[in-house]
Amino acid sequence: MGKILVLAGSPRKNGNTDRLADSFVKGAEVQNEVEVISIHDYRIQPCTGCDICFTRAGNECVQDDDMSLIYRKLRDADTLIIASPVYFYGISAQLKAVVDRLHTPMRNLFPIKKLGLILVGAAELPELFDSIITQYRLVLNFFHLEDAGMVLVRGVREKGAVKEDDLKNAYDFGRSII
């Protein structure tokens, strides 16, 4: 049984990203232990680039915020799922702050072997997810992670507008992780 951590990065509580993440969890928890961190419930400051974490005992960040709680959760996960709405062809600012705070040697202690992606955007453009997927692939390569898969949903703007087929795809994605 694997341990999956889902970082749900929408600032809109119970919106389309959260619904897709919830559906993913229902599928994944059949064969895994799953925990969701809804970034909107945490106070995370952006990385300042001071690099003190590279020399400080335990590689701890100087910022006193909720990121320390997320670091602890990452130490237990073997699969990480990033779930985000798309804003200006990137992940949400809230989630980006978390990702940037992984610029620490502490990340080398995380047992994560697989990375997956759940994205939802309002536009219908074919290239809507390209910049995020490029960054995702770079992270996979740099950290030698296995691609767990992706669910990409276009054309969903209003809260609750995600379709049943999309929710089923997220559920199936969750079921596929063993």
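Helices (H or I, at least four residues) and strands (E, at least two) are taken as DSSP runs and numbered from the N terminus. The structure is a predicted model, in which local features need pLDDT of at least 70 and side-chain atom pairs count only at pLDDT 80 or more, while totals for chains, interfaces and linings use all residues. Residues are numbered from 1 along each chain as its sequence is written, and side-chain values use heavy atoms, with hydrogens and water left out.

Grid points are joined across faces, edges and corners, and a volume is the space filled by probe spheres set on the points.

The largest pocket has a volume of about 710 Å³, and of the 25 residues that line this pocket, V99, L102, L115, V139 and F143 are the closest to its centre. Two or more lining residues are given by each of β3 (79-85), α3 (93-100), β4 (114-120) and α4 (130-143), with α4 supplying the largest share, 7 residues.

The second largest pocket, with a volume of about 350 Å³, is lined by 16 residues, among which V86, Y87, V120, G121 and A122 lie nearest its centre.

The cysteine sulfur nearest to that of C53 belongs to C50, 6.4 Å away.

Notes
Disulfide = S-S within 2.5 Å. 1 Å grid on protein atoms, 1.4 Å probe; cavity = no way out; pocket = protein on both sides within 12 Å on 5 of 7 lines; lining within 4 Å.
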